[in-house]
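Take a moment to look over the model below. We will walk through it step by step.

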Amino acid sequence: MQNAGGGNAVQTMPATQSDYLHIPASAQLQSAPDLLRCVESGGAHHFNALQYMYKKVMNAQERLTFKTKTWPFVRDLALEVHTTVGRKRITRLVDGTREVRLTQKECACLLACAFTCAMPDRYSMTCSRLFHVADHMRAAQNANKIRCLVEYFDVIRERVQRNDPLDRLVAFQRRGASLDSTAFSRSTMTFSFPIVVEDTGTIEDWDRTGMMGTGVEADFANSRIGGGALGQGCVQEEIRFMQSPELIVSMFLCSKMGPLDAIVIRGTETFSKTNGYARSFEFGSRFDDRAPVDAHTGMLITTVVAID
């Protein structure tokens with residue numbers, strides 16, 4: 001695969017006007033639904049999974065925190081998108097080898113736009129399909145996915161209160177293989193390092209501190225990265241995106257992958273520990289990610305590679 005260098009918007013192919021991403025207009029942000037009023041009214045048909053999370057997954061103290069702190073913070077964060085992300089011209093990762101780097105604050109603003117349902121549908125990064133489920137058997141599953149997002153926003157809110165600048169970077173890079181589909185099967189390349197196979201645990205359970213960030217997590221992805229993360233999917237990819245919501249930003253940045261494409265995401269943090277799979281999925285607790293930090297870039301040394 002081709003490699004790209006550093007920088008805030010690294011690309012080896014020129015961007016066209018249609019490649020640039022558009023954030024929600026101010027009017028869209030101002031007219032976003034008041035989710036708190038919807039879930040408290042008792043008649044929130046279009047937000048039934050969100051209501052399930054608020055009334056059945058959260059305890060009384062968590063509901064109070066969401067009502068008085070988290071939801072106002074998320075709404076204000078979405079309104080900040082024009083003073084953070086809006087000053088950049090962000091290139092959509094369509095083809096070739098391109099990279100976009102965003103700060104933790106910029107990622108949080110985009111995720112707040114998704115959570116408030118203000119993000120245009122064409123970017124596949126809106127929570128409207130996550131908040132509503134026609135199949136009531138999936139209500140608990142989606143409610144617990146939403147609970148993971150709430151935990152993420154709570155952590156970000158607490159950091160803002162501590163005057164954290166949220167300037168840590170997350171890098172999103174699209175890579176395309178330059179070899180034909182039969183070349184890999186003829187390859188004689190050997191690995192110069194030991195390979196260990198473990199038959200217990202999950203991909204995200206690997207010891208980041210013990211491996212000093214040298215490990216790479218595989219995301220067995222949908223061709224449209226993220227798959228049903230903000231919908232009704234809840235298997236390997238979707239669960240990983242709920243544990244590390246900064247991965248969801250790739251759904252805004254990246255178009256559909258081709259058979260020889262990969263998307264490499266570096267520097268994401270894990271915020272939630274979860275249990276179960278598919279309909280048994282549950283939010284567990286807050287996760288304290290102790291991944292090492294790159295002394296040169298200040299990024300967490302974490303890498304997720306999405307392949308279809």
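How many helices and strands are there in the protein chain? There are 11 helices and 7 strands. Both are DSSP runs, numbered from the N terminus: helices are H or I with at least four residues, and strands are E with at least two. This is a predicted model, so local features need pLDDT of at least 70, side-chain atom pairs count only at pLDDT 80 or more, and totals for chains, interfaces and linings use all residues. Residues are numbered from 1 along each chain as its sequence is written, and side-chain values use heavy atoms, with hydrogens and water left out.

Start with the whole chain. Of its 308 residues, 49% are buried. Buried means under 20% relative accessible area, exposed means over 50%, and partly exposed lies in between, with a 1.4 Å probe and protein chains only. Now take contacts, meaning heavy atoms within 4.5 Å. Among contacts with a separation of 6 or more, 75% are between residues 24 or more positions apart.

Next, the helices. Two packed helices are described by the angle between their axes and the distance between the axes. The axes are lines fitted to C-alpha atoms, for helices over the stretch in contact, and angles run from 0 to 180 degrees between N-to-C directions. Helix H4 (residues 60–79) and helix H7 (residues 139–161) have axes that come within 10 Å and cross at roughly 75°. That makes H4 roughly perpendicular to H7. The cut-offs are these: under 35 degrees is roughly parallel, over 145 roughly antiparallel, 65 to 115 roughly perpendicular, and the rest oblique. On the H4 side, the contact includes Phe66, Phe73 and Leu77. On the H7 side, it includes Arg147, Val150 and Phe153. The residues of this contact divide into 8 nonpolar, 2 polar and 5 charged. Here Ala, Val, Leu, Ile, Met, Phe, Trp, Tyr, Cys and Pro count as nonpolar, Asp, Glu, Lys and Arg as charged, and the others, Gly among them, as polar.

H4 also meets H5. Their axes come within 7 Å and cross at roughly 105°. H4 is therefore roughly perpendicular to H5. Phe66, Trp71, Val74, Leu77 and Ala78 in H4 meet residues of H5, including Lys105, Cys109 and Phe115. The contact of H4 with H5 has 10 nonpolar, no polar and 1 charged residues.

Phe115 leads us to the rings. Rings of Phe, Tyr and Trp (its six-membered ring) pair if their centres lie within 6.5 Å; planes under 30 degrees apart count as stacked, over 60 as edge-to-face and the rest as tilted. The count comes to 6 aromatic pairs. In one of them, Phe115 and Phe131 sit edge-to-face, 5.2 Å centre to centre with 80° between the planes. Phe115 lies in helix H5 (residues 104–115) and Phe131 in helix H6 (residues 128–131), so the pair ties together parts 16 residues apart in sequence. Is Phe115 buried or exposed? Phe115 is buried, with a relative accessible area of 1%. Phe131 is buried too, at 0%. Ring pairs link both into a cluster with Phe47, Tyr152, Phe153 and Phe271.

Finally, visit a loop. Thr268 is in the loop between strand E4 (261–266) and strand E5 (272–275). Thr268 is buried, at 1% relative accessible area. Glu269 lies in that loop as well, and is buried at 7% relative accessibility. Leaving aside neighbours within four places in sequence, Glu269 is in contact with several residues, among them Gln104, Arg159 and Leu300.
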